[in-house]
Amino acid sequence: MSQKKCPLNREQLEELTKQFPTPFHLYDEAAIRANARALKAAFAWNPGFKEYFAVKAAPNPYLMKILRSEGFGADCSSVPELLLSESVGLSGEEIIFTSNDTPAFEYQKAVDLGAIINLDDITHIDYLEEQIGLPELVCCRYNPGPLKGGNAIIGHPEEAKYGFTRPQLFEGYRMLRDKGVKRFGLHTMVASNELDAKYFIETAHLLFDLIKELSAELGITFEFINIGGGIGIPYKPEQEPVDLQTVGDGIRALYEKAGFTSLDVRMECGRMVTGPFGWLVSRVLHKKNTYKQYVGLDSCMTNLMRPGMYGAYHHVTVPGKENLPHDFVCDVTGSLCENNDKFAINRALPPVDIGDLVVIHDAGAHGHAMGFNYNGKLRSSELLLRENGEVVQIRRAETVEDYFATLNFAGLNNFKV
Ligand SMILES: Cc1ncc(COP(=O)(O)O)c(C=O)c1O
């Protein structure tokens with residue numbers, strides 16, 4: 001099985017639930033750090049290499065502070081994400097602002113922080129210049145369209161709303177150059193949850209070739225390429241993680257062949273940075289036997305919406321029962337009034353009893369972060385297993401007061417109907 005085992009066993013989890021009731025997300029600091037170091041090691045040949053953690057994947061400042069201490073920057077696409085980055089001491093070019101359909105106030109905050117601005121569209125050049133002024137360093141997002149096939153989650157690049165077309169890129173950098181921009185980067189993001197290492201090597205190849213052409217035609221020099229995020233994780237037991245060294249070595253070979261010496265390679269992965277190292281821990285509330293067998297948990301799509309939203313597979317284990325025969329086929333459900341609120345469908349589990357703990361794996365990225373409050377469901381807490389074995393709460397669970405915080409009930413008194 002390629003899934004990262006939950007670092008706590010049944011007894012340890014039961015003990016933890018005395019202090020922190022289920023459901024909760026649990027992250028493993030030691031595993032996150034080890035993985036961050038493996039990524040950096042794969043690109044150690046490139047002195048300017050930097051991973052900008054995609055904050056959207058796990059927008060928790062405690063996790064971000066750990067990643068910052070490993071040398072990671074932040075990839076942001078909203079003011080709250082910029083503020084989170086600022087809260088952990090990130091600033092300037094440690095932040096890249098990769099947004100789309102962006103309002104001026106968000107560009108303003110990014111520019112105030114000195115973040116690298118990654119433009120999504122040629123029309124944003126004039127928009128940024130008029131609203132805020134152009135910074136010295138600008139990056140543009142390339143959408144290669146039919147030149148690069150997409151994958152199931154991100155779709156095909158030509159149908160994706162992001163980025164400049166190839167002709168727009170030449171025109172865009174020309175405009176930026178003529179408007180006095182001095183420093184340049186080139187970005188693309190053409191994959192999501194991709195497990196084939198070759199995909200990332202090809203992406204770098206595409207950008208290396210493009211940089212040569214752009215530089216030759218426009219007489220500008222590029223400081224970095226950013227190959228985006230999208231490194232997948234093995235959600236399914238039969239899948240294997242992407243070999244980071246293969247990605248690093250493959251890109252290095254192309255880099256050297258192309259004769260680059262000072263170009264920095266950057267990426268902005270989220271999923272592979274925290275995904276396998278976070279688990280949603282929940283408890284069985286009910287069992288139901290109708291046309292199918294159902295196991296109902298005390299969590300729901302609010303805590304993890306990937307299965308309901310994309311039919312995504314998340315591995316499910318029952319702590320303490322890992323070695324029992326898995327011959328109980330059931331749907332594992334949450335409590336939303338939506339039939340897609342299922343963590344697993346027709347999944348073979350060991351015999352499950354009411355009160356059992358259930359662990360949903362690979363929930364450390366695009367997990368808690370995607371939570372929503374439909375049906376009045378509240379987001380759970382986030383816990384962190386520190387390297388010394390201590391478990392600390394890094395976000396409390398939402399309360400009904402949080403849910404109602406935007407409503408003025410007192411106003412009902414004067415509201416005549
Ligand atoms: C611009 C951008 N960068 C990075 C990421 C992170 O992707 P992943 O978590 O799959 O690595 C995303 C994901 O949506 C994105 O849109």
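Which hand does the crossing of α7 and α8 have? The views below take this up in turn.

**View 1. Helix α8 spans residues 197–218.** This is a predicted model: local features need pLDDT of at least 70, side-chain atom pairs count only at pLDDT 80 or more, and totals for chains, interfaces and linings use all residues. Residues are numbered from 1 along each chain as its sequence is written. Helices are DSSP runs of H or I with at least four residues, strands are E runs of at least two, and both are numbered from the N terminus. Helix α8 reaches 32 Å from its first C-alpha to its last. Just after α8, Gly 219 has a positive phi of about 65°.

**View 2. Helix α7 packs against α8.** Their axes, lines fitted to C-alpha atoms over the stretch in contact, lie 11 Å apart at about 45°. The crossing is right-handed (the near helix is turned clockwise from the far one by less than a right angle). Contact residues include Phe 170 of α7 and Leu 214 of α8 (C-beta atoms, placed from the backbone, within 7 Å).

**View 3. Arg 141 sits in strand β6, residues 137–142.** Arg 141 is buried, because 24 other C-beta atoms lie within 10 Å (the cut-off is 20 or more, with C-beta atoms placed from the backbone). Leaving aside neighbours within four places in sequence, Arg 141 contacts residues including Asp 120, Tyr 162 and His 187. The C-alpha atoms of Arg 141 and His 286 are separated by 48 Å.

Conventions:
A residue is buried if 20 or more other C-beta atoms lie within 10 Å of its own, exposed if 12 or fewer, and partly exposed in between; C-beta atoms are placed from the backbone. Two residues are in contact if their C-beta atoms, placed from the backbone, lie within 7 Å. The expected span of a helix is 1.5 Å times one less than its number of residues. Axes are lines fitted to C-alpha atoms, for helices over the stretch in contact, and angles run from 0 to 180 degrees between N-to-C directions.
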